[in-house]
Amino acid sequence: MIRPVIGVLGYVRQGGRVLLVHRSRDGDDHRGKWIGLGGKLEPDEDVLSCLRRELREEAGIEVRSAELRGTISWPGFGSDGADWFGLVFVVDDFDGEPPGRNDDGPLAWVPVAEVMDLPMWEGDRYFVPLVLDEDSRPFHAVMPYRDGELVADAVVLSR
């Protein structure tokens with residue numbers, strides 16, 4: 001049985017802006033793309049503890065409040081074709097000030113109205129608007145990838 005990699009993805013909001021990282025590290029599957037912050041769930045963590053740890057490590061902030069906005073299954077994602085399952089959060093209350101960059105690349109506060117103009121994974125174009133809108137109902141999605149490309153005709157997205 002193949003088990004998916006479980007991860008969290010956090011979109012930190014402050015006013016009309018969202019904190020994103022522009023991934024620029026050599027050898028990074030996400031290189032050149034703007035994404036939220038997050039990472040893999042450790043064996044001894046629940047998803048909220050994972051989100052808090054990842055945002056502490058990647059942005060130097062302490063999460064005070066987070067809302068689960070959705071779940072995504074990414075079969076075949078990444079250069080190794082691994083299956084991923086992600087829990088997507090909006091973080092709307094935190095302590096600390098993010099640095100200008102982390103090990104993955106520059107961090108930037110991007111106006112929400114400009115997020116969709118940035119280079120991102122094709123699948124992100126389906127769900128990021130649902131993360132950043134005012135409708136708090138969770139979404140659920142399947143976004144299959146093959147050889148680094150979204151299999152767009154197989155995307156399933158529901159709310």
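User: Leaving aside its neighbours within four places in sequence, which residues is Tyr11 in contact with?

Analyst: This is a predicted model. In it, Tyr11 is in contact with Val18, Leu20, Gly36, Val88, Phe89, Val90, Val91, Asp124, Phe127, Val128, Val131 and Leu132, leaving aside neighbours within four places in sequence.

User: Which residues have the most contacts inside the largest nonpolar core?

Analyst: In soluble globular proteins, nonpolar side chains tend to be buried together. Here the largest nonpolar core has 43 residues, and Tyr11, Phe127 and Met143 have the most contacts inside it. Strand β6 gives the most to this core, with six residues. Across the protein, buried residues make up 45% of the 159 residues.

User: How many cavities of 30 Å³ or more does a search of the whole structure find?

Analyst: Rolling a probe the size of a water molecule over the atoms shows where empty space is left. The search finds one cavity of 30 Å³ or more. The largest cavity has a volume of about 40 Å³. Its lining consists of Tyr11, Leu20, Trp34, Ile35, Val115, Leu118, Met120, Asp124 and Val128. Of these residues, eight are nonpolar, none is polar and one is charged. Both β3 (34–35) and α2 supply at least two residues of the lining of this cavity.

User: What is the volume of the largest pocket, and which residues are closest to its centre?

Analyst: The largest pocket holds about 630 Å³ of space. It is lined by 30 residues, and Arg23, His30, Ile35, Gly39 and Trp84 are the closest to its centre.

User: Which elements supply the lining of the largest pocket?

Analyst: At least two residues each come from β1 (5–14), β4 (37–40), α1 (47–59), β5 (62–77), β6 (82–95) and α2 (124–132). The largest share, four residues, comes from β4.

User: What pattern does the protein follow along the sequence?

Analyst: The protein has two helices and 12 strands, in the order β-β-β-β-α-β-β-β-β-α-β-β-β-β. Among contacts between residues at least 6 apart in sequence, 63% join residues at least 24 apart.

User: How does the radius of gyration of the protein agree with that of a compact globule?

Analyst: With 159 residues, a compact globule would have a radius of gyration near 15 Å, and the protein agrees because its value is 15 Å. The C-alpha trace spans about 40 × 30 × 30 Å along its principal axes.

Key: Residues are numbered from 1 along each chain as its sequence is written. This is a predicted model: local features need pLDDT of at least 70, side-chain atom pairs count only at pLDDT 80 or more; totals for chains, interfaces and linings use all residues. Side-chain values use heavy atoms; hydrogens and water are left out. On a 1 Å grid over the protein atoms alone, a cavity is a set of points where a 1.4 Å probe fits but cannot get out, and a pocket is an open set with protein on both sides within 12 Å along at least five of seven lines; lining residues have an atom within 4 Å of a point. Grid points are joined across faces, edges and corners, and a volume is the space filled by probe spheres set on the points. A nonpolar core is a set of buried Ala, Val, Leu, Ile, Met, Phe, Trp, Tyr and Cys residues joined through side-chain atoms within 4.5 Å. Buried means under 20% relative accessible area, exposed over 50%, partly exposed in between (1.4 Å probe, protein chains only). Contact means heavy atoms within 4.5 Å. Ala, Val, Leu, Ile, Met, Phe, Trp, Tyr, Cys and Pro count as nonpolar, Asp, Glu, Lys and Arg as charged, and the others, Gly among them, as polar. The radius of gyration is taken over C-alpha atoms; the globule rule is 2.2 Å times the number of residues to the power 0.38.
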